Amino acid sequence: MKSRLPLFRISHLLSGLLLFCGIGLLVAASGHAATSPLAWEDLQFQMNQHVNWWRIYLETEVQVFDPLQAVADAKGKLHPVERPDRRYRQRIHWKADEAIIVESMGFQQRRLHVHLEYKDNYADTALHPGFDWHETSPWYLRLLGRNSQNREQTLWEYGLSGFDVTLQLTEDSHAFYRVGHPESGAYALIQPVNFQIHSLHREVQQPDGTVWQLEVRFSKFKIYRKQAYPQVTEYLLDGNLHKRVTVTKLEYLRRIPVTDRSTALQPFAQPMTSLALDHAR
């Protein structure tokens with residue numbers, strides 16, 4: 001049964017939302033970020049109230065695009081160029097705050113990458129050049145746990161260096177909670193009403209020294225077992241589509257196929273420093 005918010009939390013949330021609207025007007029007028037009415041601990045509490053899954057199994061299909069190329073249609077609108085040869089699928093087993101297994105496979109069932117996390121350890125195996133955990137990670141799913149330290153660990157791995165909460169107005173005039181050090185280019189945007197993660201942002205430095213802005217955007221949310229989950233995740237580099245992940249299967253998982261003896265586990269992964277963009281592979 002879904003737990004009810006205590007009365008003081010309801011009052012706190014309502015007052016916070018009213019203050020958010022007022023500050024949002026100031027943000028809209030000034031065009032700058034403003035102090036948030038919620039601290040990171042309170043924001044995490046509200047996010048946890050919207051978590052209803054304990055175990056889940058997903059399958060996805062991943063389309064890869066060349067962010068450096070685009071073609072125009074009959075009306076002159078530019079579209080990204082897809083690389084069909086780089087499409088792949090994923091099978092994902094997840095248990096909140098305990099385990100995740102992600103298998104990335106080609107359409108001929110050839111394994112490309114396998115990642116396993118169990119409690120505080122992990123095992124990671126790349127079976128094809130260019131595949132790594134940061135490119136194949138299901139970021140939204142990994143942020144659904146109730147353990148605050150695990151959520152912070154995932155955001156740290158993505159690249160966040162702090163958890164300051166401010167308000168930010170996007171170019172299309174939508175206000176979000178912004179989580180991340182105010183002077184850092186790595187941050188997360190969170191919806192102010194339903195506390196869903198809208199997008200993740202950071203800078204990605206390429207081997208030639210070029211710095212691109214990476215955005216991982218979550219959209220087309222649907223409800224399954226009382227949990228909202230994005231059916232589409234898109235990776236954009238400097239606003240150009242690089243990858244689209246679409247959920248094709250989602251069902252309740254009764255048992256996680258992992259134990260302490262499943263594989264040789266290693267210390268947890270390091271933060272993301274780059275994104276694989278070798279389009280020649």
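**Helix packing**

Helix H2 (residues 40-48) and helix H5 have axes that come within 11 Å and cross at roughly 105 degrees. Axes here are lines fitted to C-alpha atoms, for helices over the stretch in contact, with angles running from 0 to 180 degrees between N-to-C directions. That makes H2 roughly perpendicular to H5, a label for angles of 65 to 115 degrees, where under 35 is roughly parallel, over 145 roughly antiparallel and the rest oblique. On the H2 side, the contact is made by Trp 40, Gln 44, Met 47 and Asn 48, and on the H5 side by Ser 148, Arg 151, Glu 152 and Leu 155; contact means heavy atoms within 4.5 Å. Helices (H or I, at least four residues) and strands (E, at least two) are DSSP runs, numbered from the N terminus.

Some ground rules. This is a predicted model, where local features need pLDDT of at least 70, side-chain atom pairs count only at pLDDT 80 or more, and totals for chains, interfaces and linings use all residues. Residues are numbered from 1 along each chain as its sequence is written, and side-chain values use heavy atoms, with hydrogens and water left out.

**Aromatic rings**

The count comes to 9 aromatic pairs. Rings of Phe, Tyr and Trp (its six-membered ring) pair if their centres lie within 6.5 Å; planes under 30 degrees apart are stacked, over 60 edge-to-face, and the rest tilted. Trp 139 and Tyr 158 form an edge-to-face pair, 5.2 Å centre to centre with 85 degrees between the planes. Trp 139 lies in helix H4 (residues 139-142) and Tyr 158 in helix H5 (residues 148-158), so the pair ties together parts 19 residues apart in sequence. Trp 139 and Tyr 158 are both buried, meaning under 20% relative accessible area, with exposed over 50% and partly exposed in between (1.4 Å probe, protein chains only).

Tyr 140 and Phe 221 have ring centres 5.6 Å apart and planes at 70 degrees, so this pair is edge-to-face. Tyr 140 is in helix H4 and Phe 221 in strand S12 (residues 211-224), 81 residues apart. Tyr 140 counts as buried at 6% relative accessibility, whereas Phe 221, at 28%, counts as partly exposed.

Strands S2 (residues 55-72) and S3 (residues 78-82) run antiparallel and are joined by 5 bridges; strands pair if DSSP finds at least two bridges between them. Ala 70 has Pro 80 in S3 as its bridge partner.
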